[in-house]
Number of protein chains: 2
Amino acid sequence: MSNFSYQQLFSFTKNIFLQIGSSEAHADLAAKALLSADLRGVDSHGIARLSGYVRLWKAERVNATPAIKIIHETPSTAVIDGDRGLGLVVGPAAMQVAIDKAISVGTGWVSVKNSNHFGIAGFHAMMALPHDMIGIAMTNASATVAPTFSKERLLGTNPIAVAIPAGNEQPFVADFATTTAANGKLEVLQRKNMDAPHGWVQDKDGKPSTDVNELKKSGAMLPLGGDKEHGSHKGYMLGSIVDIFSAILSGANYGPWVPPFPAYLPMPLNMPGEGIGHFFGAMRIDAFRPAEEFRQHMDAWIQRFKSAATAEGFERVIIPGEPEREIEKERMQNGIELLDPVINDLQQLAAQFNCSL
Amino acid sequence: MSNFSYQQLFSFTKNIFLQIGSSEAHADLAAKALLSADLRGVDSHGIARLSGYVRLWKAERVNATPAIKIIHETPSTAVIDGDRGLGLVVGPAAMQVAIDKAISVGTGWVSVKNSNHFGIAGFHAMMALPHDMIGIAMTNASATVAPTFSKERLLGTNPIAVAIPAGNEQPFVADFATTTAANGKLEVLQRKNMDAPHGWVQDKDGKPSTDVNELKKSGAMLPLGGDKEHGSHKGYMLGSIVDIFSAILSGANYGPWVPPFPAYLPMPLNMPGEGIGHFFGAMRIDAFRPAEEFRQHMDAWIQRFKSAATAEGFERVIIPGEPEREIEKERMQNGIELLDPVINDLQQLAAQFNCSL
């Protein structure tokens, strides 16, 4: 394990995106989007995936010079064709369209097809904050999750992010997979050789399991709730809504046909759409009420929840986004620790592109 | 227990709303909205609550002749003041504004203050379906739910409904509380004198409990997920988003200040807003892609999920909205069974207003 400064990792990442042919602006944006995951503590979605993106490019599943374009629109909506670009640049382009439409008619809603993995949903949703807007971002992903009662994997972890500005308080930023636990948490337990809690995974026959390696044995992750008795049908509904907004509205692939991230996996057969789908929303605060009033009440909301009486053993109630912001501050100051396998992976990339980490 | 035809219950309910002073149109709409819960099998939110609405009116917490008005708007948004009206009529009025805005600019988004309980969220979301639109409805509610790590009740069950049209298939209609289990399910267990499963409730100190009567002992319901290990912070985030969209955007009450449904409970002190808040959305399908294309792919989505291989012991994967539609069909044909306490309650109402059940 070694420590790297954000700036060092940013320069390296940007350079790799330049090497595969991205424009200066795209490489800059893609590096920023990707590393926002490392900064916010979502290590599974950050620079650890850089070589995966490069392999997708080599497999010609990612286009480094996409012509991202609006193919359908109304004053408050658009559908964007990502031209197989990196989701890391298609996402921000689409979110910008949502923001522009919100400036013009109050809200903007953009569904995207023909894209790829966009990093963490929170990065895109948070783009709305400096505009005094609420930002929403979601994406589908390749199927690892079984709907309630099924033994088949039909949904991705399909995350939802919602970023809401406040006044003196820091913004409210929710960013969560619609499963009981994100895949990254399973990977942590795999490394520690520990069991998963009940309700995280099931085996290939749909039976409850605590084996953290079930995904490698044709098992599945479970929707938020875990089982029917604990509301897994609600997690299944949420994941489905993300899939439909991201792909049925846009013309992307959905359900079991969403392309996988690892380039060594074959593409699904008989794909009904193009690429991966995302969905973005932006709502101008002052399209509802004066922004100053909103900010005052949002501050009051946050303060009330922060000061809630806690159950024994817990220090205080967390406002969504707080832990990630603390990690970001700490890592910006003290650098980002990377695990040896990740460093090795980056060094191989460096060798491949004749640059250094 | 006795059986009543929908028409009989509808006439009775409409008459009661007329008796408290609602207009013909409002009484008709309120009865339709309220009884949609009984038809869809959500017995806790239907006619069983009629006397509760009447008590709210007697306590002057409900205004039977509200002047519902738009107080702020942009082409795609509005804030509506419900003038303390029945949520059962304020909700549809607001949803209609969302639909009208979607006709004009692609989508419409309406936040509502100064309203009351609106019945089931699904009723409002489904109003969008005949317009070839996706409908979204959510509401906050009086605090019964403790955020993750807290022993205080700060959120309501804050449901979310999303209705999505299909082609030959029936529409996708998700309608769920953002808690592990809806309060109605606790009431069923109370009647049967059974324990609650783990993860549904906690006691007044925030300790896990299986006592179905915890809510009467200052305990709390738990957010979807149940505990941190099973993602309760995600249920807490969802409930919070519903609260903020419904109340901070509109100027309604939020968190622990949302007014209670039972009229015998005192109103919260130092309320920061007016009444209960709702949030509605309507998105025109053809604001994204030709409706015919959307319908074809939505049918394909539904068929794929319907035909998913099941885990042992389960017949098939359920599409959100299917069970409720089957109950509605059956009850429209064969009538609605009411429990004796509900019938007694309605007979008392009948006596009070000199009419008959």
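Colleague: What makes A:Met133, A:Gly135, A:Ala137 and A:Thr139 one group on β5(A), and A:Ile134, A:Ile136 and A:Met138 another?

Modeller: A:Met133, A:Gly135, A:Ala137 and A:Thr139 point one way from β5(A), while A:Ile134, A:Ile136 and A:Met138 point the other way, and all are buried. This is a predicted model, in which local features need pLDDT of at least 70, side-chain atom pairs count only at pLDDT 80 or more, and totals for chains, interfaces and linings use all residues. Residues are numbered from 1 along each chain as its sequence is written, and chains are lettered from A and ligands numbered from 1 in the order in which they are written.

Colleague: Why is strand β5 of chain A called largely enclosed?

Modeller: A residue is buried if 20 or more other C-beta atoms lie within 10 Å of its own, exposed if 12 or fewer, and partly exposed in between, with C-beta atoms placed from the backbone. Seven of the seven residues of β5 (133-139) of chain A are buried, so the strand is largely enclosed by the rest of the structure.

Colleague: Which residue of β6(A) is the bridge partner of A:Met138?

Modeller: A:Ile160; β6 (residues 160-164) pairs antiparallel with β5(A) over four bridges.

Terms used: Helix = DSSP H or I, 4+ residues; strand = E, 2+ residues; numbered from the N terminus. Pairing = 2+ DSSP bridges.
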